Amino acid sequence: MPEMTIGAVHLAKAGPEYGVGVYRQITEWAATSPGWMQTSGEIGTELGILVFVALFVLQWWRARGRDHRSMAMALLAPVAVAVVYGLSEIIKVWLHEERPCRDIPNVRTIAECPAPGDWAFPSNHSVIAAASAATFLITWRLVAAFALPLAVLVALSRVYVGVHYLHDVAAGALLGVILAPLLLLIMMIPGTWAVARLRQRRPLTAVLGTAPPSEPRSVAAELHATASNR
């Protein structure tokens, strides 16, 4: 078995070996935290993902009156996040790390433990949150200042409510932060080219909008432009 594969399997099994103490400390503290805080943690762990979805929709709406590159980035950012999420699901099925709330006896968790077969490593919530925040660093920096702290809160909330080890969320965040921006940059050139041509079709203008008439640019010029994302 290649060394990389051995390393990944070992990390996925690290919960029972290394992470139990930290997990117990966090969940015991969470179980004794105020009721409003527990409720906020349980709701917020899911609500945070919906906030990222809303931000992507807002970014698309904002890009309808901007250049081809802006619209391409707005459409491709959630695609990049979805691809990384799909990869994290494949890793989960491959590594089969059991949820700590099921594997560790006598623990109190805020959230209900996911069903058997819903594996732990890496955390999908962390992947989605971190990947979304990382793409905003490229596409909309003003929003990134809000999105990055939100991604951290979403990731940590998964341990707080008891459904993940700390290394699950760390791995998920790392996966999202590295891969999503990389995929977005790879798709940027063909995506901008496609938007420039699709916008010429009148039925699609309701979805894609039109580039500002005061700033006619070629696709090549837009790819090298440094238009503000603020």
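Leaving aside neighbours within four places in sequence, which residues is A31 in contact with? The answer is Q38 and R108, and you can look for them in the structure above. Keep in mind as you explore that this is a predicted model. The chain holds 10 helices and 0 strands, and the points below take you through some of them.

**The chain as a whole**
- Reading from the N terminus, the elements run α-α-α-α-α-α-α-α-α-α.
- The chain has 230 residues, and 45% of them count as buried.
- Take the contacts with a separation of 6 or more: 80% of them come from residues 24 or more positions apart.
- The accessible surface is about 12000 Å², and carbon and sulfur atoms account for 69% of it.

- The average pLDDT of the chain is 81, and 82% of the residues score at least 70.
- Residues 1-9 have a pLDDT below 50, and this stretch has 5 contacts in the model beyond near neighbours in sequence.
- Residues 218-230 also stay under 50 in pLDDT. For them, the model has 24 contacts beyond four places in sequence.

**A31 and its surroundings**
- A31 sits in helix 2, which covers residues 14-32.
- A31 and T109 are 78 residues apart along the chain, yet their C-alpha atoms are separated by 6.7 Å.

**Helix 3**
- Helix 3 covers residues 35-63, and its 29 residues should span 42 Å at 1.5 Å a residue; the end C-alpha atoms are 41 Å apart, so the two values agree.
- A kink of about 40° in helix 3 is centred on G44.
- Buried residues in helix 3 include G41, T45, G48, I49, F52, L55, F56, Q59 and A63.
- An α-helix has 3.6 residues a turn, so residues three or four places apart point the same way.

**Helix 4**
- Helix 4 covers residues 68-95, and its 28 residues reach 41 Å from the first C-alpha to the last, close to the 40 Å expected at 1.5 Å a residue.
- At the start of helix 4, a side-chain oxygen of D67 comes to within 3.2 Å of the backbone nitrogen of R69.
- Further along, helix 4 bends by about 25° at L76, and the proline P78 follows within four residues.
- Just after helix 4, H96 has a positive phi of about 55°.

**A cis peptide bond**
- Between F121 and P122 the peptide bond is cis, with omega near -5°.
- P122 belongs to the loop between helix 5 (100-103) and helix 6 (124-139).

- Why does R158 count as buried? Its relative accessible area is 7%, and buried means under 20%.
- Not counting residues up to four places away in sequence, R158 touches T45, E46, R99, S123, H125, V163, H164 and V169.

**Helix 8**
- Helix 8 runs over residues 166-198 and has 33 residues. From its first C-alpha to its last it reaches 44 Å, close to the 48 Å expected at 1.5 Å a residue.
- Helix 8 bends by about 45° at M188, and here too a proline, P190, follows within four residues.

Conventions. Residues are numbered from 1 along each chain as its sequence is written. Side-chain values use heavy atoms; hydrogens and water are left out. Helices (H or I, at least four residues) and strands (E, at least two) are DSSP runs, numbered from the N terminus. Buried means under 20% relative accessible area, exposed over 50%, partly exposed in between (1.4 Å probe, protein chains only). Contact means heavy atoms within 4.5 Å. Accessible areas come from the Shrake-Rupley method with a 1.4 Å probe; for residues, only the protein chains shown count as cover. The expected span of a helix is 1.5 Å times one less than its number of residues. The bend at a residue is the angle between axes fitted to the seven residues ending there and the seven starting there. A polar contact is a pair of N or O atoms within 3.5 Å; within protein, one must be able to donate a hydrogen and the other to accept it, and residues adjacent in sequence count only if both atoms are side-chain atoms. pLDDT is the predictor's confidence in each residue, from 0 to 100.
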